[in-house]
Amino acid sequence: MKEENFTLITGASMGIGKAFAMACAAKGMNLILVALPDNLLNELKKDILSLYTVKVHLFNIDLTEDNAIQKLFSFCQENKFSIQMLINNAGIGTGGKFENIDLVKQLQIINLNNNVLVRMCHYFLPLLKKQKKAYILNMSSMEANLPLPYKAVYTGSKNFVYAFSLALREELKNGPVSVSVVCPGPVVTNAEGLQRMEAHGKRAKLVVLMPDEVAEIGLNGLLKGKTIIIPGKINWLLVKISRIFPTAVKMRLLERLFRVYSTH
C-alpha cells in the first residue's frame, strides 16, 4: 500500500479542533481526526467529504487512557499513513479558586494539556522527520503570557505548552520539522465559553474570536513557519504591553479583572 500524507488533529470533534479540520481540508489535506468516542466525528467527516475531495479517517479514543497514544500510533503505522502535520489541539480548562476545584479535575487538565501533548510529540516525531517538510502545531493560550488568578492550573499548563514548544522548535531547527505554538485569547467554543465571555461584559467582546478565525490564522502561521502565533491584533498588542508592566502590578490587575471566577 502506498503511503499518503496526512494531517493528524487531536480534539477534532468540536470547537477549534473542528475548525482546524475544516481549514486543513480546504487546503486539500488528508485527515486523521482524533476525539472522544461519540457521533460528532462521524458528522464532521460527512460535512468535510460533502465539500472537499480528501481522505478522512477517524480514531475515537480518550487520549488520557493507558496506551491510548500507542494505539493511535499503531493505527497510523498499520495503515501506512505518512504524517506530515501534527496539530495538538486537545485540551481542557476550568476556572475558580484553586482550593475549591476538585483535585481530580486539576490533574485531568495537566494530564490532557501536558502529558498527552508531550507523548504525541514523542511518538510521532520520528514519522514527521521522514518528510522533506513537516509541521507540529501546539495549542497554548494567550494566558501562557498572563498567569491568571482563579485559573492557576490551566494557565500553568498552557505556559508549559508555550515553553516546551519554543524549546522543541530550537532543537529541531536544522531538520525538516517546524514547530509553532498558537496562543489565542478567548474563543467561543461551547456554551460554557459563552457564559464566561458574558461574565466579563463588553471588554471580552474586544478580544474574543470564533474557532474558524483561530484555525485559519493558526494554520497560515504554521505553514509560514512562525514561532508564536497570537490570533487577533488586540490580543497581540495586549501580550506585548503586558511585558512592560512589573510582575506585581500585572498580577494585581489580573486578579481584579478575573475576580469574577472567584465564586465559581
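These legends describe close-up views of a predicted model.

Local features need pLDDT of at least 70 and side-chain atom pairs count only at pLDDT 80 or more, while totals for chains, interfaces and linings use all residues. Residues are numbered from 1 along each chain as its sequence is written, and side-chain values use heavy atoms, with hydrogens and water left out.

**View 1. The seven-stranded sheet.** Seven strands form an open sheet in the order E3-E2-E1-E4-E5-E6-E7, with parallel pairing. Strands (E, at least two residues) and helices (H or I, at least four) are DSSP runs, numbered from the N terminus. Two strands pair if DSSP finds at least two bridges between them. Strand E3 (56-60) and strand E7 (228-229) stand at the edges; each has a single partner strand, so one side of each lacks a neighbour in the sheet. E6 and E7 run parallel and are joined by two bridges. Valine 182 has isoleucine 229 of E7 as its bridge partner.

**View 2. Helices on the sheet.** Helix H2 (residues 40-51) packs on the sheet and touches E2 and E3. Contact means heavy atoms within 4.5 Å. The direction of H2 makes about 170° with that of E3. Helix H8 (residues 211-223) lies across E4, E5, E6 and E7, at about 140° to E5. Axes are lines fitted to C-alpha atoms, for helices over the stretch in contact; angles run from 0 to 180 degrees between N-to-C directions.

**View 3. The largest nonpolar core.** This core has 43 residues. Those with the most contacts inside it are Leu8, Ile32, Leu72, Cys76, Ile83, Phe124 and Ile136. The elements that each supply at least two core residues include strand E1 (4-10), helix H3 (68-78) and helix H4 (103-128). H4 gives the largest share, nine residues. A nonpolar core is a set of buried Ala, Val, Leu, Ile, Met, Phe, Trp, Tyr and Cys residues joined through side-chain atoms within 4.5 Å. Buried means under 20% relative accessible area, exposed over 50%, partly exposed in between (1.4 Å probe, protein chains only).

**View 4. Around isoleucine 83.** Not counting residues up to four places away in sequence, isoleucine 83 touches Phe6, Leu8, Ile32, Cys76, Phe124, Leu127, Leu128 and Gln131. A second, separate core of 32 residues includes Ile9, Leu31, Leu44 and Val187.

View 5. Methionine 251 lies in helix H10 (residues 247-257). Its relative accessibility is 26%, so methionine 251 counts as partly exposed. Beyond residues up to four places away in sequence, methionine 251 touches Pro147 and Pro149. Methionine 251 and proline 149 are 102 residues apart in sequence, and 7.8 Å apart from C-alpha to C-alpha.

**View 6. Two loop residues with positive phi.** Most residues other than glycine have a negative phi. Asparagine 67, in the loop between E3 and H3, has a positive phi of about 65°. Tyrosine 150 sits in the loop between E5 and H5, with phi near 75°. Tyrosine 150 is buried, at 17% relative accessible area.

**View 7. Salt bridges.** The structure holds three salt bridges. Each is a side-chain nitrogen of Lys or Arg within 4 Å of a carboxyl oxygen of Asp or Glu. Glutamate 4 meets lysine 55 at 2.7 Å, N to O. This pair links distant parts of the chain, strand E1 and the loop between H2 and E3, 51 residues apart. Lysine 151 meets glutamate 143 at 3.2 Å, N to O, and both are buried. Glutamate 170 meets lysine 173 at 2.7 Å, N to O.
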